[in-house]
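Try each task before reading its solution.

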Amino acid sequence: MKELTSAGFFEGKDISQDTRLRTEVCVIGSGAGGAVAAAELAALGHDVVVIEEGPYFPPEYLNGRDYETMRDLYREAGMTVAIGKPGIPVPAGKCVGGTTVINSGTCFRLPARTIEKWRRDHGLRDFSEESLAPYFQKVEEKLGVSPVTPETEGGVARIIRRGADKLGYSHHPLQRNAKGCEGRGTCAFGCTKSAKQSMLVSYLPEAIGHGARIFADSRAERLLLSGNRVFALEARVKHGADGHRPPRRLEVRADAFILAGGAMMTPVFLQKNRIGVRSGQVGKNLTIHPASKLAAFFDEDVYGWKGVPQGYCIDHFRDEGLMFEGAFLPPGLGSMALASLGAEHKAQMERYKNLAVFGFMVSDSSTGSIRPYRDGRAAIRYDVNARDMDLFRRGILILTEVFFAAGAKEVYPPIHNMTFRSMDEARSLLNHPLRPDDVEMLSFHPLGTARMGLDPRSSVVDPQLKSHEVENFYVVDGSIFPTSLGVNPQLTIMAFATRAAEAVNTYLRQLGSVYKAGEKLAKS
Amino acid sequence: MPHPYPYKVLSASEVRVVHALAETCCPPGQIIKTTPAGALVAERVDWFLEAAPVEGRTAFRFALLALEWSPVFRLLALSRFSRLPPEKREVQLKSWSGSRVWLWRNLLKLLMALVVPAYYADDQVSGQTGFTPPGGRPSRFLAAWKERTGS
């Protein structure tokens, strides 16, 4: 049995009985927000405990297989769906490292126009490109954020570059958090080389190096409050590999608490614990960057799986709210990109090496909401509005044009039973507004469900990400953003977590909860 | 001699529908010749569903039931889906996929989303498309399958 007072990863099987821990900082969630906050605070000398609901998969256990990874590392086996018009799958990670383990690794800084919008519409005048730059820079240096190299950008990037060049659209390799990437193409199913700098191989090991303890299989359930301070968290630990044995209770007493459950689970936890609910904003303002993809057949061999699946982008239409990014999948889940059936589908799959797939996402003005189901899962409600549907129609036409300009023979839009054999055919078939149910969508970036702001009546946390209602409670994940970002959010979440860690450190020092080397706190 | 695979979620009749659906969606091709049974599709789907939320499992099983009886109720045939010849099964699937009824389209989407990828997730099948499983790391499903069948 592992000693629970020493630094390291702990799984449910390591906790054989109900346990109480004492620490300075308790972080709930080990994804982009939680891991960064934990590592920063541990590096500043604080004693940190991280509570993670999902399992611990050591990097060497990731096999990059789509169907298996979906089952084991995705929340609800990848079956999480936003209910509405249309129903939109919202895959997210549920494992130590969170979604960073199964995302594409794309990194963007917060766009200037989004910052301007926050300053103008939400009064967040603390934020500017200059004031946030040091935090972005720190994360980028740590994670080796750099553009995808020509050797690993893959065959789809070659096609997109050719098509976008012909049409005069701006395009470039994406920035990613990867070191020594070989372009194995498994980013979304666990990097088999540990090149992608997910939290599992970057910030979390660093946090452990500074003494942090990370508990997997532990679901945060209840906060215990005294006045307007939280003094303990109760978690339920799945005990035993099969999870069938009775769960253990884990109580963590701490001076400060950081909630980083992601924009889907954070509002569920807040609503359950009645924190922030007076604002009326918990679970509201959900944006998700609804996305879609197109597939196209070429005479040439593309070998889309060789290279970084999301290594290239067309950013020409970013200010309109459209970002085009790579979206190739291995044959398992990739088989769903083709809408055909039976023998026709099989014949197309036999030409999989000739297939190119590219996607786009919409910076949404639609909003949705999240409330808890009785069993603690997130009930997501989201309808796509007419403005965003216009963007979908435009996105489909733009990408179709790029594919044909690059020499595609057939293009498959994300619209049922539709195939384009020429641009004229695409224009004539899409000469009317699309209905939400017409388009196959996906979403990877839930944001905004516990937004920050200055006014406690209209926001859940302040610009330091501290709760308006509870003195020692912070929220550090994608839920705090007041609007859609328009770009992949992981780097922004990490930068804000770095910034929030400074605020938590200041709070702890004011509190007198200062860790001194050699004076370990009583941990149990 | 390996034991039969002990299904944990799907019943015998549901396994029959999964097989029928997989055979219709993934018929023998020019290059990819592995059969759905050879690719352990039903076993893989069952293994996947073990980890799925209860609602997901229930919806999938409901979709199988609806598919199985749909030809009879829609008077397309006097036989259940799993007992139809492949060409009639394909007609049934196309009627769902092109249906104006949201429910039929989405039930089919759910079925296809688990069954078709289960076929192409098999190393032999994906290998026939030219794809190589990355990193050479072992399959967790195959390990479970071997353990459960004593192979």
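**Exercise 1. Find how many salt bridges there are between chain A and chain B.**

Solution. The count between the two chains is five salt bridges, a salt bridge being a side-chain nitrogen of Lys or Arg within 4 Å of a carboxyl oxygen of Asp or Glu. One to look up joins the side chains of Arg140(B) and Asp72(A), at 2.7 Å from N to O.

Before going on, a word on the model: it is predicted, with local features needing pLDDT of at least 70 and side-chain atom pairs pLDDT 80 or more, while totals for chains, interfaces and linings use all residues. Residues are numbered from 1 along each chain as its sequence is written, chains are lettered from A and ligands numbered from 1 in the order written, and side-chain values use heavy atoms, without hydrogens and water.

**Exercise 2. Describe the contact between chain A and chain B, then the side that chain A brings to it.**

Solution. Start with the residues: 45 come from chain A and 52 from chain B, where contact means heavy atoms within 4.5 Å.

Next, take the area. The two chains bury about 4000 Å² between them, 60% of it on carbon and sulfur atoms; buried area is the accessible area (1.4 Å probe) that two parts lose on being put together, summed over both. In chain A, the residues that lose the most area to chain B are Tyr67(A), Arg71(A) and Leu341(A), together 21% of what that side buries.

Now count polar contacts: 20 residue pairs make them between the chains, with both residues at pLDDT 80 or more. A polar contact is a pair of N or O atoms within 3.5 Å; within protein, one must be able to donate a hydrogen and the other to accept it, and residues adjacent in sequence count only if both atoms are side-chain atoms.

Finally, look at the helices. At least two residues each of chain A's side come from α2 (66–73), α8 (331–334) and α9 (342–349); helices (H or I, at least four residues) and strands (E, at least two) are DSSP runs, numbered from the N terminus. The most is given by α2(A), with eight residues.

**Exercise 3. Locate Asp47(A) and say whether this residue is buried or exposed.**

Solution. Look in the loop between α1 (32–43) and β4 (48–51) of chain A. Asp47(A) counts as buried because its relative accessibility is 3%, and buried means under 20% relative accessible area (1.4 Å probe, protein chains only). Its side chain joins that of Arg213(A) in a polar contact of 3.2 Å.

Key
Buried means under 20% relative accessible area, exposed over 50%, partly exposed in between (1.4 Å probe, protein chains only).
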